[in-house]
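The sequence and the model are shown first.

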Amino acid sequence: MATEMQERGKVATLIEKATNSTAAEVDPRLLKAIKSVVRSSDSELRLAAHTLMDLMKRDHSQVRYLTLLIIDELFMRSKLFRTLLVENLDQLLALSVGFRRNMPLPAPPAIASTLRSKAIEFLEKWNASFGIHYRQLRLGFDYLKNTLRFQFPNLQETAARIDRERRERERRTREILQNKFEMLKTNFSSVKEEIRATVDEVRQCLDIVRTKEECMPPILLDDEDFVEFRPAELRQIRLDSLKEGEKVHENNDNKVVFDALRELYKLLVTKHLASVQEMISLLIRVEAADNRSRDSMLKELIDIRNSLISVKKDCEESGCALPKTAKNNEEEEEDFWEEGNFGSTENEITTEPGKRKEVESSNAEEKSKSIEDRNFKKSNKRSESLAKVSASSKVKAKDKDCSNLSSKVKETLGSENSVRSELLAEAPVLKWGSFLDNWGSVSNRDTLANQKGWELDNHWGRVDYDAVIPAEKIAELNLQATIYQEKLGEIQPCRAPLNKGVLCQRRDLKVCPFHGPIIPRDDAGNPINQNSSTEDTDPDLGSDLVEQIAKQAVKNVREQDKEEARKRKLAKQSLQREKLAKVREHNEAVLRDAAMASTSRSAAFGEDMGETVGEGSVARRNKQTLASMLRKKVTTKDRLAQRLLNTRATDATIRQMTQGEDATYKEAFPNQW
Amino acid sequence: MWKEIGDREMGKIRPNSFSSQIKSNRISNLQLSNNKDIVSPHRGSVNSLQVDLTEGRYLLSGASDASAAVYDVQRATDYEGNGLIAKHKCLFSVDKQHEKGHKYAISSTIWYPVDTGLFVTGSYDHYVKVWDTNTTQVVMSFKMPGKVYRTAMSPLATSHMLIAAGTEDVQVRLCDIASGAFAHTLSGHRDGVMTVEWSTSSEWVLITGGCDGAIRFWDIRRAGCFLVLDQSQSQLGRRPPVLARSAANKVNVSKSLSAGQNSLGKQRAPQKKVSNGHGMKQSTIGRMPTNGSVRQRLHPGMLSIQDRATAHYGAVTGLKVTDDGMYLLSAGSDSRIKLWDLESGYNTLVNFEVVRLQTSKAIQLAISQDSAQVFVPCMTVVKAFDVWSGKMSLTFRGHYESVNCCWFSSQDQELYTGGNDRQILVWSPCQLITDDTDAGRTKDEDNWSD
């Protein structure tokens, strides 16, 4: 009887145990145990349902959360459990969603919000799976959704919608492919013909060129005997030049042929090759009804592509150096300057040259103007639109960087545009300042002070219109001043092992408030330099040294086995070195500390070190429990409030203030007592 | 069950008791119906429900969003989940969009008792309106001096067509549909009238419950009220059933109803606990007009102490007369349900285990046809009590907010409840035979994967 009772209570204790945890999930072993026990008998299941409903009433969100997870597990599995639970669904929802105003979810609030979202999610899931059999589920879902307007995650519908959209998209692409395939089928032969014609023409052209070349006598071939004694490099150069010489060169005779060839090449590469590639990819992707015709077409296309490639190669080998010339042509065309559009100038320059062509014609007359002129305009405009550093100013900056003579660079700018773009790419980005007004120009002139266009006469008395500000003063005023910005390096994480099993990811400069000084640790979070003494407070100082020593020591130990004799000596040596290293490390640490003390960061961090270390150890000592979750976290504000609002402090302040008031009063009325 | 059928065949059980047995059996098995959904078009709390008295087929509901709707509870409009769930959408609804609709919450909707061609709505916009069901047009409207809390028409009436309306005002008005005017103005209550109910035994008797805690009885043929229930006057227990007693006393029950009650009135005397001398104890509803030398003297200005008697502390929020017209159940904002013996006008001291009742609104009680069970909305749940013992027999848990009204359809043994969560729920006897023939839908069964 007693054992039976014990058996009967088993599920209750299991559930108690499973919910008495601070983890974000139910212990899977316990969950499995609960499930197996509950599955064995209906009475256990009833007891479980009862216990779970009781636990849902606990005044702790974490307990409710874990209980809800167990409820979900059982709900999805057992029909009896469902019927039992559905009876009190409104209560369950009130306890898990907290929709009743007089029954809000208990602390801690963070877990309460997860509890709520989880409960809503579960309700949606339950409704989707079993809503048809349980009116209560439908009612609860409907009430939360339509009356209280809770936001449901709507998982199923979202998934269905995404799936539908994807299928729709696929269908459309298939349709498009099919259409293209049909088109291709109809005009495949004509395309083929066209390509073949072009290829033939190219071949003929090449033949013509070659035959002409054959007639020309080789000039330099005879020299080959003499070159043998020369060094290998020279010979290589020579061979290359010979090869180059073999190539057909364009001259007046074959200019027409070359022109035609170029034309055809362009057609071949830009049109035919691209279209053939496209067709191949289309054929690969399309799902045609007749696979045979598709395969044959594919084969043909691949053949065509191969022949095209070979022809292209022939063309390039034939020495007309077509691709290069084409590029040069293009680049010549793009010599222009876009005027007036300031913000986008930068972008324009970085984009592909082809994009600029649109504005080219409109800017044609600009070309005639000298670049100096433009720069002048630019700088004027820049002073109007302040914030942005324009391209021209960048160029100017570059001027100063690479050479002091700006005019020279301007010349290069005029002659070679590529240099300009190169410079633009390199130009530094600066914050705007008055120094940019005469960037690069060494102004040695004095400036008239009172020639700003204001009528200052008769206002401040006589005005000296000839007053000047000396040049050195101007230079001083225009000095570029920047604020030094400390470069923030990568701050290493603390990596101390936490209770959760992960490593502490806090990034502090020197001392982690929870785990003390930051020291190098291995992947498990254990400190690497165990043997280092207490003075090793500065981690990034001699850590690698210590590491080195440790390695050395390990090596030594290995060697000990081999060579017994050298053991003593080596040990002594290492010991000595270690000592030496320690001394050096200490020295370095002292120096480093001294240096750090002057920087802003160390000033901010150094002071509260001791205190935080103490607190960290306290925090580590108390283990996290359900009760501790309810405790309010002590924030900085609280600590400050504790400091400032205790009676002593307030008394002191009041005393101070009354004293001050007394003093002022006495000062104001010295003759009164 | 089969045994009972066998007994019925053998003639051991009389048809009446057989059917009532089956019915009470079904009533004890009421639960939230999974396969009968009433799709509520209301956007506010449902305040009133009634199934028509002639066919028992059309459910009328009134809600706080000034809408009223009619549903066919016998035939579903469409089905869901492979025919598992029958949806009953409203046949029509009238709301604020209707050109002559109510402006504010409808507090009360009732069918014209004789047929379903008319229904009456009372609203917080001070109007009582009479609607033609077929054209959904207002055929008559009565302007009241305040918010209308409850309207009632006598189910027995053959000689009048009066709508009794309880309003914010202290006076109860009777609106005559035949003439379109107020026939009576009954004054006596000292505060608004929450609930009105016609007697089920006499077409002339009206019962009203006010916010002053008084339950007053009016005979509409005479001026003034003739009875005020007093909670301090009580009798222990209930009278023995009519049949047994009449048999024992050799009283011929085949006489007219009033005569029967007459005789009952005479029998009543020895059972009374205390007769404290004043004429009140002599008053019974049915015979009041016929016999009343004492009444005559007392009636016009009843003793003021009597006139000030209260039935509940706080407001009377709900009234329901049993089908035989001999008992009255009243609910008050003091969270009490009281059972009154109408013949004596005494409180029977039945203790109903009610925890809490809604106090701010009138609630609508329902009673099963053989007066065995009373259904009371208690906050978010509806509870079924045994009328004579006050024991709670069933709890209907399903609404998410307070329940305002319930209606028991004796024809189908179904309970309809409406609440602040805008739902109208159907509670029906559990189906004994479930058809699992259609395999297409997802089965509701255990699914242990591990």
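## A charged pair between the chains

Arg138(A) and Asp37(B) are both buried, where buried denotes a relative accessible area under 20%, exposed over 50%, and partly exposed in between (1.4 Å probe, protein chains only). The model is a predicted one, in which local features need pLDDT of at least 70 and side-chain atom pairs count only at pLDDT 80 or more, while totals for chains, interfaces and linings use all residues. Residues are numbered from 1 along each chain as its sequence is written, chains are lettered from A and ligands numbered from 1 in the order in which they are written, and side-chain values use heavy atoms, with hydrogens and water left out.

The side chains of Arg138(A) and Asp37(B) form a salt bridge, with an N to O distance of 2.9 Å; the term requires a side-chain nitrogen of Lys or Arg within 4 Å of a carboxyl oxygen of Asp or Glu. Because Arg138(A) belongs to helix H8 (residues 135-147) of chain A and Asp37(B) to strand E2 of chain B, the pair joins two chains. Helices (H or I, at least four residues) and strands (E, at least two) are DSSP runs, numbered from the N terminus.

## The interface

Between chain B and chain A there are two salt bridges. Asp37(B) also meets Arg135(A) in a salt bridge, at 2.3 Å from N to O. Strand E2 (residues 36-38) of chain B supplies three residues, the largest share of the side of chain B that touches chain A. That side of chain B consists of seven nonpolar, ten polar and twelve charged residues. In this grouping Ala, Val, Leu, Ile, Met, Phe, Trp, Tyr, Cys and Pro count as nonpolar, Asp, Glu, Lys and Arg as charged, and the others, Gly among them, as polar.

In total, 29 residues of chain B are in contact with 31 residues of chain A, contact meaning heavy atoms within 4.5 Å. The area buried between the two chains is about 2700 Å², and carbon and sulfur atoms give 48% of that area; buried area is the accessible area (1.4 Å probe) that two parts lose on being put together, summed over both. Twelve residue pairs, both members at pLDDT 80 or more, are in polar contact across the interface of chain B and chain A. A polar contact is a pair of N or O atoms within 3.5 Å; within protein, one must be able to donate a hydrogen and the other to accept it, and residues adjacent in sequence count only if both atoms are side-chain atoms.

## Salt bridges in the whole structure

Over all chains, the structure holds 28 salt bridges. A network of salt bridges links Arg135(A), Arg138(A), Asp37(B), Glu80(B) and Lys87(B).

Within chain A, Asp163(A) and Arg166(A) form a salt bridge whose closest N and O atoms are 2.6 Å apart. These two residues are three residues apart in helix H9 (residues 155-215) of chain A, so about one helical turn separates them. Asp163(A) is partly exposed at 26% relative accessibility, and Arg166(A) is partly exposed at 36%. Within chain B, Lys36(B) pairs with Glu414(B) in a salt bridge, the closest N and O atoms being 2.9 Å apart. This pair links distant parts of the chain, 378 residues apart: Lys36(B) is in strand E2 and Glu414(B) in strand E30 (residues 414-419) of chain B. Lys36(B) is buried at 12% relative accessibility, as is Glu414(B) at 8%.

## Helices of chain A

Helix H4 (residues 61-75) of chain A has 15 residues and should span 21 Å at 1.5 Å a residue, which agrees with the 20 Å between its end C-alpha atoms. The expected span is 1.5 Å times one less than the number of residues. H4(A) is mostly covered, with 14 of its 15 residues buried.

Chain B contains six helices and 31 strands, and buried residues make up 56% of its 450 residues. Lys383(B), in strand E27 (residues 381-386) of chain B, is buried at 11% relative accessibility. Residues touched by Lys383(B) include Glu353(B), Phe375(B) and Met392(B).

Asn347(B) lies in strand E24 (residues 346-347) of chain B and is buried, with a relative accessible area of 5%. The side chain of Asn347(B) reaches the backbone nitrogen of Leu349(B) at 3.1 Å.

Technical notes:
Lists of a residue's contacts leave out its neighbours within four places in sequence.
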